[in-house]
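Hi there,

Here is the structure I promised to send over. Have a look first, and my notes follow below.

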Amino acid sequence: MEKTHNHPTDELLAAYSAGSLPLSQALCVSAHLEHCPACVRKLQRLNRVGSELMTQLKPAAASAALKESLMAKLDMLDEETVEPAPSVTDPSIPRCLHQFIERGYEDLPWKRVSADIQTVELCRDSNGARVELLKIRPGGSATTHTHLGDEYTVILEGSFSDESGVYARGDFMVKDASDKHTPVATQDRECICLAVTEGPIQLTGFFNRLFNPLLRRGYA
Ligand SMILES: [Zn+2]
């Protein structure tokens, strides 16, 4: 496994452990965790702290009727246990994304947004954040852009570099509205990223100004 250099902050991991992250951000953290044993260990520590705190709270007494109905449900579950259907999704795709990807990346309805980039939207979060995959062709540039909200990215395949360095599979990064960056995929292969954008992307540069109204319409 390649070494992952960029990780979610402790605050993000703690919020993930507490189950308080929006779905879109939780998907990015989950995808990162599948590549990063260090963050998995950190999360396990956070989960332990969380459950210790929970045990210090006084449990509400469950009524006898509730207990009975729970036990009956558990019995039923035992009887109904069936083998889960084998997953047909490519195992190299993070498990948290299998709900959106039936087979593999190549079967998705990719839309070309520039000579170098294709995207496919996976879902919208209830907070309006857009969850999508970005595919940058080998050596291709994701053009210079800024965004009005935060942008979360996890590299799923390949690698890219931008003004701050080189990012490889599993790397997790958050850029805020003040970051202007130009990701460029490495020459050897295409790069696929999970991207969550919380506000419309603004392309910068002369020609891109022509495209901005089109992009904004996509985010409306
Ligand atoms: Zn990590």
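Which residues in α1 meet which residues in α2? From α1 they are L12, L13 and Y16, and from α2 they are Q25, A26, V29, S30 and L33 (contact means heavy atoms within 4.5 Å). By class, this contact has six nonpolar, two polar and no charged residues (Ala, Val, Leu, Ile, Met, Phe, Trp, Tyr, Cys and Pro count as nonpolar, Asp, Glu, Lys and Arg as charged, and the others, Gly among them, as polar).

Before the rest, two notes on the source. This is a predicted model, where local features need pLDDT of at least 70 and side-chain atom pairs pLDDT 80 or more, while totals for chains, interfaces and linings use all residues. Residues are numbered from 1 along each chain as its sequence is written, and side-chain values use heavy atoms, leaving out hydrogens and water.

Now the metal site. The zinc ion is coordinated by H7 (ND1), H32 (NE2), C36 (SG) and C39 (SG), at 2.0 to 2.3 Å (donors are N, O and S atoms within 2.8 Å of the metal, or 3.2 Å for Na, K and Ca; water is not among the atoms, so sites may look incomplete). H7 lies in the segment before α1 and C39 in helix α3 (residues 37-55), so this pair ties together parts that are 32 residues apart in sequence (helices are DSSP runs of H or I, at least four residues, numbered from the N terminus). In sequence, the donor spacing reads H-x24-H-x3-C-x2-C.

As for accessibility, H7 is partly exposed, with a relative accessible area of 33%, whereas C39 is buried at 2% (buried means under 20%, exposed over 50%, partly exposed in between, with a 1.4 Å probe and protein chains only).

Best wishes

Technical notes
Helices (H or I, at least four residues) and strands (E, at least two) are DSSP runs, numbered from the N terminus.
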